[in-house]
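Take a look at the structure first, then read on.

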Protein chains: 2
Amino acid sequence: MSHKYHVFVCTTSRPAGHPRGCCTSKGGGTAMFDQMMARFQKGMLWEKGVSLAQASCLGFCGNGPLMVVYPEGIWYQPVEAADYDEIVDSHFKKGQVVERLRVNPGH
Amino acid sequence: MSHKYHVFVCTTSRPAGHPRGCCTSKGGGTAMFDQMMARFQKGMLWEKGVSLAQASCLGFCGNGPLMVVYPEGIWYQPVEAADYDEIVDSHFKKGQVVERLRVNPGH
C-alpha cells in the first residue's frame with residue numbers, strides 16, 4: 001500500500017434534468033474537491049500519507065455528493081464546510097471515521 | 001465495501017517537457033481508460049462488482065502509466081493491449097493479481 005488514505009472526490013457534471021443527476025449539482029464536484037484540497041494543503045496531509053484525487057463517476061449517484069476513502073472503502077456524503085473540516089480532522093488526521101457523514105451505497 | 005474492485009486510471013496530461021511528465025505521455029491516460037472501458041463493457045464487469053473510473057494525478061508519476069485497484073491497493077503499469085487483457089482476465093475476472101505488471105510506488 002502506498003497511500004495511508006487515498007481519497008477520491010467525484011467531479012462528474014451532467015446536464016440539468018439528467019435522470020441520474022450528478023455530484024456537482026448536489027453541491028459536490030470540483031467545488032468539493034477544491035474545498036478538500038485547501039484543507040489538504042493547509043494540513044500538509046500528503047506528509048501524513050493522505051492523497052486526494054478527482055474522479056469520474058463513482059457510481060451510486062443517488063447518494064451524492066460523494067467521496068470515497070480507500071483502502072478502507074469508506075464513503076462520505078459531506079454537504080457543508082463543517083463536514084469537510086470534520087472528515088479531515090477526525091478521519092485523515094486521527095483515523096476516526098465520521099459515522100454521521102457516512103453512507104453505504106449499494107447496501 | 002460497495003465495489004469488489006474499484007479501478008482508477010490516471011488520465012492526467014501535462015505539457016511536453018514538464019518535469020514530472022504524465023501518464024498520458026507514457027501511453028496511459030484516456031487512451032488506457034478507453035481500452036479498459038471497452039473490456040469492461042465487453043465483459044460486463046460491473047455485474048461482477050468491478051467499477052472503473054478516471055482519476056486525476058495518483059502520485060508516483062515516475063511509475064506511469066498507472067492504474068490502481070482498490071481496496072487491495074494493487075498498482076499496475078500496463079503498456080500494451082495484451083497487458084490490459086491480462087489484468088481484466090486474471091485479476092478482475094479470476095481474482096489473480098498479475099505480478100509481472102505490478103509496481104510498488106513509494107516503496
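A:Pro71 sits in the loop that runs between strand E3 (67–70) and strand E4 (74–76) of chain A. The peptide bond that joins A:Tyr70 to A:Pro71 is cis, with omega at about 5°. The model is predicted. Its chain A averages a pLDDT of 94.

**Backbone details**

- A cis peptide bond also leads from B:Gly64 to B:Pro65, and its omega is near 5°.
- B:Pro65 belongs to the loop between strand E2 (50–55) and strand E3 (67–70) of chain B.
- A:Met44 has a positive phi, near 45°, although A:Met44 is a residue other than glycine.
- The loop between helix H1 (30–43) and E2 of chain A holds A:Met44.

**How the two chains are related**

**The interface**

- How many residues of chain A are in contact with chain B? There are 21, and they meet 21 residues of chain B.
- Between them, chain A and chain B bury about 1,700 Å². Carbon and sulfur atoms carry 57% of that area.
- Strand E1 (5–10) and strand E2 (50–55) of chain A each supply at least two residues of the side that touches chain B.
- E2(A) gives the largest share of that side, with five residues.
- Sorted by class, the side of chain A that touches chain B has 12 nonpolar, eight polar and one charged residues.

**Salt bridges**

- Over all chains, a search of the whole structure finds 10 salt bridges.
- One of them pairs the side chains of B:Arg39 and B:Asp85, at 2.6 Å from N to O.
- Why does this pair tie together parts that are apart in sequence? B:Arg39 lies in helix H1 (residues 30–43) of chain B and B:Asp85 in helix H2 (residues 81–94) of chain B, so the bridge links parts 46 residues apart in sequence.

**Confidence**

- In chain A, 99% of the residues score a pLDDT of at least 70.
- For the complex, the predictor gives an ipTM of 0.94 and a pTM of 0.95.

Terms used
Residues numbered from 1 in each chain as written. Chains lettered and ligands numbered in written order. Predicted model: local features only at pLDDT ≥ 70, side-chain atom pairs only at ≥ 80, totals over all residues. Heavy atoms only, no water. Contact = heavy atoms within 4.5 Å. Buried area = accessible area lost by both parts, 1.4 Å probe. Helix = DSSP H or I, 4+ residues; strand = E, 2+ residues; numbered from the N terminus. Nonpolar A, V, L, I, M, F, W, Y, C, P; charged D, E, K, R; others polar. pLDDT = per-residue confidence, 0-100. Salt bridge = Lys/Arg side-chain N within 4 Å of Asp/Glu carboxyl O.
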